[in-house]
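Here is a friendly walk through one protein chain. Keep the picture at hand as you read, and find each residue as it comes up.

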Amino acid sequence: MPGPSPAARRTVLKGAALAGAAGLGAAACSTDSKLGRAQVPTPTEPVDLGPADAVPVGGAKLYRDQRLIVSCPKEGEYKAFSAQCTHAGCALDKIVGNEGNCPCHGSRFDVTTGKALVGPATVPLPEVAIKAEGGSLIAGPDA
Ligand code: FES
């Protein structure tokens, strides 16, 4: 009994190769295993960030472990944002100027507004409530 013609077999093999390449591409683009992704990008409980004066006036500080960015536009005034990139969920790794940097695909965010300045991210970082209390910064719900 004759099998499929050589041309039909080539078509099937070519399709399988393309599907395999597409699968590899998706795996290479995944960031889930690279830097982890929090289930929720913002704190679900109040978080004590320590001394308020650790955030420079006119600047910002990245709290890596808490996945937060806090900026201080003027004395005694603080703004906090999730430090989890809105593109694919990587944690921002540093602040350059007043921009939070995502190491995965290069997105940049304004640390005073959370706005996405450079893509691929287009969605701003979620804002997190924050207050200074007794010289310490408390971020998250009820702040
Ligand atoms: S996860 Fe892709 S730019 Fe941040």
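In this predicted model, E133 has its bridge partner in β11, and that partner is S136. Another bridge links I130 to A139, again in β11. In total, 4 bridges join β10 to strand β11, which covers residues 136-139, and the two strands run antiparallel. Together β10 and β11 form a hairpin with 2 residues between the strands, where G134 takes a positive phi near 60 degrees.

What stands opposite P51 in β11? The residue facing P51 is S136. Here too the strands run antiparallel, with 4 bridges joining β1 to β11.

Now put these strands together. They make an open sheet of 3 strands in the order β1-β11-β10, with antiparallel pairing. The edge strands are β1 (47-51) and β10 (130-133), and each of them pairs on one side only. From one strand to the next, the twist averages 25 degrees.

**A second sheet**

Look next for an open sheet of 4 strands, ordered β5-β6-β7-β8, where the pairing is again antiparallel. Why is one side of β5 and of β8 left without a neighbour in the sheet? Strands β5 (94-96) and β8 (116-118) stand at the edges and have a single partner strand each, so one side of each has no neighbour in the sheet. In this sheet the twist averages 40 degrees from one strand to the next.

Within the sheet, strand β6 (residues 99-101) and strand β7 (residues 108-110) run antiparallel and are joined by 3 bridges. One of the bridge pairs has E99 on one side and D110, in β7, on the other.

This table sets the joined strands side by side:

| Strands joined | Bridges | Direction |
|---|---|---|
| β10 and β11 | 4 bridges | antiparallel |
| β1 and β11 | 4 bridges | antiparallel |
| β6 and β7 | 3 bridges | antiparallel |

Find V96 next, a residue of strand β5. Is V96 buried, partly exposed or exposed? With a relative accessible area of 35%, V96 is partly exposed. V96 and F109 are 13 residues apart along the chain, and their C-alpha atoms are separated by 10.0 Å.

**Inside the protein**

F109 also belongs to the largest nonpolar core, which has 15 residues. I69, C85, L92, C102 and F109 are the members that touch the most other members. Leaving out residues up to four places away in sequence, I69 touches K61, L62, K79, A80, F81, A83, L92, I95, G100 and V111. Another core, of 14 residues, lies apart from this one, and its members include A52, V128, I130 and A139.

How many aromatic pairs does the structure hold? The count is 0 aromatic pairs.

**The whole chain**

Finally, step back and look at the chain from end to end. Its secondary structure comes to 2 helices and 11 strands, and the pattern along the sequence is α-α-β-β-β-β-β-β-β-β-β-β-β. The chain has 143 residues, of which 33% count as buried. Among contacts with a separation of 6 or more, 45% are between residues 24 or more positions apart.

Key. Residues numbered from 1 in each chain as written. Predicted model: local features only at pLDDT ≥ 70, side-chain atom pairs only at ≥ 80, totals over all residues. Heavy atoms only, no water. Phe/Tyr/Trp six-rings, centres within 6.5 Å; stacked < 30°, edge-to-face > 60°. Pairing = 2+ DSSP bridges. Axes fitted to C-alpha atoms, helices over the stretch in contact; angles between N-to-C directions. Buried < 20%, exposed > 50% of the residue type's maximum accessible area, 1.4 Å probe, protein only. Core = buried A, V, L, I, M, F, W, Y, C linked by side-chain atoms within 4.5 Å. Contact = heavy atoms within 4.5 Å.
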